[in-house]
Amino acid sequence: MKGFVDDIEDLTEENSYFRKVLYTARKMQLVVMALKPGEDIGEEVHKDIDQFFRLEEGTGEISIDGTVSRIKSGTAMIVPAGARHNIKNTGDKPMKLYTVYAPPNHADGTVHVAKAAAEASKEHFDGKTTE
């Protein structure tokens, strides 16, 4: 196996898709995201998935079980499994972030160009990994 080795900062900053899966392993998944000004990921709960986020560009807020925190470039966030959460871009430029799901949440290779496509999608991790 080769695993994943690349410049995550560059990949995150260059991404313009709402969601793009970069790599899926058996027990974790790496995804880049971009939120337009005023856009959010949508409030959600992952029952059995812990999630790490890192904001590379932009400003906004994260809500975890009702606690709202301001976030900016360089902010790291961990959302424990079972916590209701949302991230919102409150700035006037695109927000660029990456996230690690453990275990994976999306089908490997998933690309949602816009939030509407993500909301309409019924895909979920199907056990298939990148390698």
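# Salt bridges and ring pairs

The structure holds five salt bridges. This is a predicted model, in which local features need pLDDT of at least 70, side-chain atom pairs count only at pLDDT 80 or more, and totals for chains, interfaces and linings use all residues. Residues are numbered from 1 along each chain as its sequence is written, and side-chain values use heavy atoms, with hydrogens and water left out.

Visitor: Why is the contact of Glu43 and Arg84 called a salt bridge?
Guide: A salt bridge needs a side-chain nitrogen of Lys or Arg within 4 Å of a carboxyl oxygen of Asp or Glu. Here N to O is 3.5 Å, so the pair qualifies.

Visitor: Which parts of the chain does that pair link?
Guide: Distant ones: Glu43 sits in the loop between strand S2 (29-35) and strand S3 (44-45), and Arg84 in strand S8 (residues 84-89). They are 41 residues apart. Strands (E, at least two residues) and helices (H or I, at least four) are DSSP runs, numbered from the N terminus.

Visitor: Why is Glu43 called exposed?
Guide: Exposed means over 50% relative accessible area, buried under 20%, and partly exposed in between (1.4 Å probe, protein chains only). Glu43 has 53%, so Glu43 is exposed. Arg84 has 40%, so Arg84 counts as partly exposed.

Visitor: What makes Arg70 and Glu61 a salt bridge?
Guide: Their closest N and O atoms are 3.9 Å apart, so the pair meets the rule. Arg70 is exposed at 58%. Glu61, at 27%, is partly exposed.

Visitor: Glu119 and Lys115 also meet in a salt bridge. Why are they separated by about one helical turn?
Guide: Because they are four residues apart in helix H2 (residues 115-120). Glu119 is exposed at 58%, whereas Lys115 is buried at 15%. Salt bridges with shared partners join Asp40, Lys115 and Glu119 into one network.

Visitor: How many aromatic pairs are there?
Guide: Two. Rings of Phe, Tyr and Trp (its six-membered ring) pair if their centres lie within 6.5 Å; planes under 30 degrees apart count as stacked, over 60 as edge-to-face, the rest as tilted.

Visitor: Why is the pair of Phe4 and Tyr23 called tilted?
Guide: The centres are 6.1 Å apart, so the rings pair. Tyr23, at 13%, counts as buried.

Visitor: What makes Phe52 and Tyr98 a tilted pair?
Guide: The values are 6.2 Å centre to centre and 50° between the planes, so both conditions hold. Phe52 lies in strand S4 (residues 50-57) and Tyr98 in strand S9 (residues 95-102), so the pair ties together parts 46 residues apart in sequence.
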